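Hi,

Here is the structure I promised to send over. Have a look at it first, and then read on for my notes.

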Amino acid sequence: MWRILAYCREDGWAVIGHADKVSLLRPPFARGQLTPLDPAALPRLLAQPGMLCPAREQQDHTSLPVLIDFLNQEILRSRADSGHALPESGYGPRLLAMAPAPVLARMLDRIESELLGQGRLEQARTALVAVLGAPACRESQEILGRTAALLQRVDEAVKTREKIRADAADIPKVYPAAARRYGVESLRDFNAASRTRNPFGLPRAA
Amino acid sequence: MDIFEAARANEGRHRGRYEAALAAADADIAARLGAFVESVARDGSVSINMRLFVAENFISGHPYENIHEFCERMAELSGRAAPDILREKLGSYWERRTKFDAYLTDSWLLYYAALNIGGTGATSYGDFCVILGRCLELHGRRVAYLRDDSLNGYVDAAAGVDESRLLADLCAEAERVYLAAMKHIDDIPRTDAGGWDSMVCSDRSYIEAIFDARPGRQEVSEIRLPASCYDRLWDIAFADFSRPLEPGEKAEANDFAQLLDAAGTAGIAVRAV
């Protein structure tokens, strides 16, 4: 049994009791990290603004994922209750608009390696447009130039992908079994994505 | 007990102890102690570690609440009695806390913070170390410092208040440098000067500052947070372009954006350390 000893509805910080241990759980919950709590720190943590004891029926949870789901729902409910419901989307562009230059430089590194590098072109383009909208980007020739260059690479990769798709008309002839199994369009998409990442494209059948 | 009067009554005590220790110390150690005192005098301020959503509310102009004000507000919202909410909130620590509060005059008006000479403070209470300024008394309030955390240092497990220790350790603002020096007199010579900030204020140890008027955002000179936390918050911004965010991440991203916005408007620097 996982017990919430105290928690804050607004941000999801929670003091958890499980297997005779007391720990702190806090977002991001995907990491599922429980930090052991020093008993000396507990009184002041419990005295912090927002920390409350849950209602009796909300204290015990059958597993950590169930407990995390409860905390996530409480965050959404508390924000809605206060009249400031959390927006569905738009967090990235909103934050990047206030990002200083070193943060933007780090973002560009990640966009290049994790989005562009993996052929996630639409996501890369959206992120780059958000970087372009940041005042700190427009104030730095280096970041502005790098953003523009990456956008150009995205455009070129999109064109390459479209060309590969157009050139892939003979895929059903080369891979008839795969075409029957996965559908011609799926194979063209897969081929285009692979070619964008890998200049050698799909391995040809022997 | 009026904690501020008791602190004032100790005037000269901490300075006297420090000067005696200085006179008895080797030249090398005396020089280190002198450098430490200079460092506290130069960089000393008072900080409150807050969770992101608390810091965001505060910097956006909402009042910072002490535990009693929070319970009163919850009582108004829920229709329950504030003392019941306080008892439930503090659980097994309720008795120690109420005994200490009952010992102090006007305890429901008090706010708790810590002496800070740099760094990010006691982050287990919140990553956002809100620096309130060098001298709280400049803003017309009374301040007292305690060598240790009030509950952990001066109230025993049976909820008894160690009055003699409390009276000996209380210190007014003018002598906080000497209180800090005497608390760390053994640590100062063997700790690199770069580590003095975390020696003075961290999760392990801090000098508690107690004051009697609500802090305002106009007093905030800076907000510091650990670089790892700062990077993690920007990682959420990046993640928003590549996957759906969980509600906890959305709340953090939302609050961080609002904090940056409000801090920017108020001219308060937000700095990763």
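**Where chains A and B meet**

The contact between the two chains draws on 44 residues of chain A and 40 residues of chain B. Please keep in mind that this is a predicted model.

On the chain A side, the elements that each supply two or more residues to the contact with chain B are strand 1 (2-8), helix 1 (42-46), strand 5 (51-52), helix 2 (64-81), helix 3 (91-96), helix 4 (101-116) and helix 5 (121-132) of chain A. Sorted by class, this side of chain A is made up of 30 nonpolar, 7 polar and 7 charged residues.

**Domains of chain A**

Chain A is assigned two domains: domain 1 covers 2-81 and domain 2 covers 91-197. Their C-alpha centres are 39 Å apart.

**The sheet in chain B**

Chain B has an open sheet of 7 strands with mixed pairing, in the order 4-5-2-1-3-6-7. Its edges are strand 4 (143-146) and strand 7 (269-272) of chain B, each of which pairs on one side only. From one strand to the next, the twist averages 35°.

Helix 4 (residues 52-59) of chain B packs on this sheet, where it touches strand 1 (45-50), strand 3 (128-133) and strand 6 of chain B. The direction of this helix makes about 35° with that of strand 3 of chain B.

Best wishes

Note on methods
Residues numbered from 1 in each chain as written. Chains lettered and ligands numbered in written order. Predicted model: local features only at pLDDT ≥ 70, side-chain atom pairs only at ≥ 80, totals over all residues. Domains from an automatic or database assignment. Pairing = 2+ DSSP bridges. Helix = DSSP H or I, 4+ residues; strand = E, 2+ residues; numbered from the N terminus. Axes fitted to C-alpha atoms, helices over the stretch in contact; angles between N-to-C directions. Contact = placed C-beta atoms within 7 Å. Nonpolar A, V, L, I, M, F, W, Y, C, P; charged D, E, K, R; others polar.
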